[in-house]
Amino acid sequence: MKENIDFKADTIFPAGEPLPEMFSKYFIGQAYLNMLTTTGVGIGNVTFEPGARNNWHIHHKGGQILLVTGGRGYYQAWGEAARELKPGDVVNIPAEVKHWHGAAPDSWFSHLAIEIPAEGASNEWLEAVTEETYNNSKK
């Protein structure tokens, strides 16, 4: 477990606290949130334990940008193949695109999640990512 502790300690931004109860129901596995700012543009550092991921979800109106800062993970838009992510990768997620993101089964994963501001912007949380879908992302 030492490498897990080192990952959380050696990241650019601290991992933060386990997700609040209101969000944890939309994740499989443990994730942590450190909101870096909520002024103007919301930016959160999200850290996933190995194998953790969020449910399918949609950002209405504004969209989202992911800046990968550590570990290895995946991003998948509905109807597309999963994409492996590593530090330095950028994912631009347009508004209204159903998607999920999370850690590889053997790696912690950390990214900055930037919420693109828009009038009436909201998130819609959907179904969990099935084991079959997650396992297919590793190919």
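In which sense do strands β4 and β12 pair, and over how many bridges? Strand β4, residues 43–48, pairs with β12 in the antiparallel sense, over 6 bridges. (Strands count as paired if DSSP finds at least two bridges between them.) Within that pairing, T47 stands opposite S110 of β12.

Before going on, a word on what you're looking at: this is a predicted model, where local features need pLDDT of at least 70 and side-chain atom pairs count only at pLDDT 80 or more, while totals for chains, interfaces and linings use all residues. Residues are numbered from 1 along each chain as its sequence is written, and side-chain values use heavy atoms, with hydrogens and water left out.

Back to β12, which has another partner: strand β7, residues 64–71, runs antiparallel to β12 and is joined to it by 7 bridges. Here L67 has L112 as its bridge partner. Buried means under 20% relative accessible area, with a 1.4 Å probe and protein chains only.

Now zoom out. The protein chain has 3 helices and 13 strands; these are DSSP runs, with helices being H or I of at least four residues and strands E of at least two, numbered from the N terminus. Of its 139 residues, 41% are buried. Its C-alpha atoms fill a box of roughly 45 × 35 × 30 Å along the principal axes. Among contacts with a separation of 6 or more, 70% link residues 24 or more positions apart, a contact being heavy atoms within 4.5 Å.

Note on methods
Buried means under 20% relative accessible area, exposed over 50%, partly exposed in between (1.4 Å probe, protein chains only).
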